[in-house]
Amino acid sequence: FNERPQDYPIPGKTTVYDESETIDLDNVPLNGGYLLKVLCVSLDPYMRGRMKDSKSYVGGFEIGKPLSNFGVGVVLRTEFDNVKVGDHVYYMGMPFQKYVILPNLENARVIKNEENFPWTVYTGVLGMPGLTAYCAWKEYSRAKKGEVAFITTAGGPVGSFVVQLAKADGLKVIASAGSEEKVEFVKNLGADVVFNYKTTNTADVLEKEGPIDVYWDNVGGTTLDAALANAALHSRFIECGMISGYNVDAPPIRNLMNIVGRQITMTGFIIGFIAEKYLSDFYTEVPKLIKNGTIKYKEDVTNGLEYAGHVMEAVQRGTNKGKAVVVVADE
Ligand code: NDP
């Protein structure tokens with residue numbers, strides 16, 4: 001991490017790729033820990049918040065140090081009893097570097113991967129974004145068959161999973177995405193009304209297809225305003241993210257008073273604080289649903305850590321075509 005961005009992150013300026021530091025893999029001291037070869041790292045929208053010089057629910061990136069995020073690595077050497085050479089470890093603070101020494105399994109988990117998925121899957125539908133969709137939908141939607149849900153950034157890893165959960169619960173799903181390619185993907189997931197919010201007015205669609213009982217907010221801004229204007233009585237607003245304001249200032253919300261008049265329940269959440277309760281169900285149920293094709297997902301895989309800055313920018317601008325993940329190395 002080289003420099004705080006003013007608006008969108010710029011590869012080569014906000015972040016730089018540097019190969020000057022090397023380690024001796026056979027002899028580097030492990031001090032009771034284990035040495036991981038990093039296989040893949042996830043790029044997620046919230047990382048933009050960690051580039052700011054302000055306090056947030058998660059620690060900020062330090063200038064001059066590597067970025068870090070969710071990732072998967074394979075154990076090359078170990079002095080730690082609970083992992084063995086060849087184990088695969090999912091770690092929530094994986095530094096964007098080729099190798100890392102970890103002292104223990106704090107914030108890390110050995111992955112069994114009985115279904116033989118590519119490791120990248122553990123950064124997406126079986127990782128933090130998948131958990132986000134699964135846990136928060138179950139915790140906050142209070143979904144009832146026949147209700148109407150509106151889901152934003154529906155072509156991404158969180159939104160696309162939510163679309164499928166809402167359909168499985170028998171709701172009518174209205175979904176928005178920012179490209180024709182994403183719109184096609186979301187239609188194939190079974191959403192009832194899918195539109196490109198860049199070419200179709202969101203408020204017009206919601207007026208025609210709503211009112212909405214459950215709003216899954218990934219974008220905030222004018223979209224949230226349109227959802228408030230078209231909210232049903234006793235609707236639930238799941239405030240997952242507000243990416244329209246991560247890089248530039250979002251306009252003020254005009255329809256806030258509808259929260260009162262329509263008796264809306266609006267819940268913000270951070271996945272790390274609600275996941276525990278659902279972890280066992282998630283890892284029992286979801287891998288099977290993916291394996292048998294019930295749950296579909298889309299990845300946008302980039303090879304090479306040197307492109308991480310480009311992928312970071314793509315996620316913020318919306319040019320990623322699915323779950324953004326960088327493959328650092330093969331096995
Ligand atoms: P995606 O991979 O879908 O990437 C983000 C997407 O946001 C872009 O591809 C783009 O899609 C869309 N976007 C970018 N700018 C705008 C804009 N100005 N207006 C509308 N849409 C925009 O991301 P995820 O599925 O990983 O994450 C989705 C949301 O969930 C984010 O807001 C993220 O911060 C949030 N999140 C929250 C968590 C929590 O614990 N609360 C945990 C994980 C994610 P498009 O082409 O459709 O514009």
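Predicted model: local features only at pLDDT ≥ 70, side-chain atom pairs only at ≥ 80, totals over all residues.
Me: Which residues in helix 1 and helix 2 meet?

Reply: Helix 1 brings Pro129, Gly130, Thr132, Ala133, Tyr134 and Trp137, and these meet Pro157, Val158, Phe161, Val162 and Leu165 in helix 2. By class, the contact has nine nonpolar, two polar and no charged residues.

Me: What makes helix 4 roughly parallel to helix 5?

Reply: Helix 4 (residues 202-209) and helix 5 (residues 221-229) pack at about 25°, and their axes are 9 Å apart. The cut-off for roughly parallel is an angle under 35 degrees, so helix 4 is roughly parallel to helix 5. Helix 4 passes helix 5 in a right-handed crossing.

Me: Which residues of helix 4 and helix 5 meet?

Reply: Thr202, Ala203 and Leu206 are on the helix 4 side, while Thr223, Ala226, Ala227 and Ala229 are on the helix 5 side. Five of the residues in this contact are nonpolar, two are polar and none is charged.

Me: How do you know that Leu35 counts as buried?

Reply: A residue is buried if 20 or more other C-beta atoms lie within 10 Å of its own. Leu35 has 22 C-beta neighbours inside 10 Å, so Leu35 counts as buried. Leu35 lies in strand 1 (residues 34-42).

Me: What is Leu35 in contact with, leaving aside its neighbours within four places in sequence?

Reply: Its contacts are Leu25, Val28, Leu30, Leu76, Arg77, Tyr99 and Ile101. Leu76 is 41 residues from Leu35 along the chain, yet their C-alpha atoms are separated by 5.6 Å.

Me: Why is Asn107 called partly exposed?

Reply: Asn107 has 13, so Asn107 is partly exposed. Asn107 sits in the loop between strand 4 (99-102) and strand 5 (108-111). Its phi is near 60°, a positive value in a residue other than glycine.

Me: What makes His234 exposed?

Reply: The limit for exposed is 12 or fewer. His234 has 11 other C-beta atoms within 10 Å, so His234 is exposed. His234 lies in strand 10 (residues 231-239). Although not a glycine, His234 has a positive phi of about 65°.

Me: Which residues come nearest the ligand?

Reply: Of the 28 residues around the ligand, Gly156, Val158, Gly178, Gly241 and Gly318 come nearest. Helix 1 (128-140) and helix 2 (157-168) are the elements that give two or more residues to this shell. Helix 2 gives the largest share, three residues. The shell divides by class into 14 nonpolar, 12 polar and two charged residues.

Note on methods. Residues numbered from 1 in each chain as written. Near = placed C-beta within 6 Å. Helix = DSSP H or I, 4+ residues; strand = E, 2+ residues; numbered from the N terminus. Nonpolar A, V, L, I, M, F, W, Y, C, P; charged D, E, K, R; others polar. Axes fitted to C-alpha atoms, helices over the stretch in contact; angles between N-to-C directions. Parallel < 35°, antiparallel > 145°, perpendicular 65-115°, else oblique. Left-handed = near helix turned anticlockwise from the far one by under 90°. Contact = placed C-beta atoms within 7 Å.
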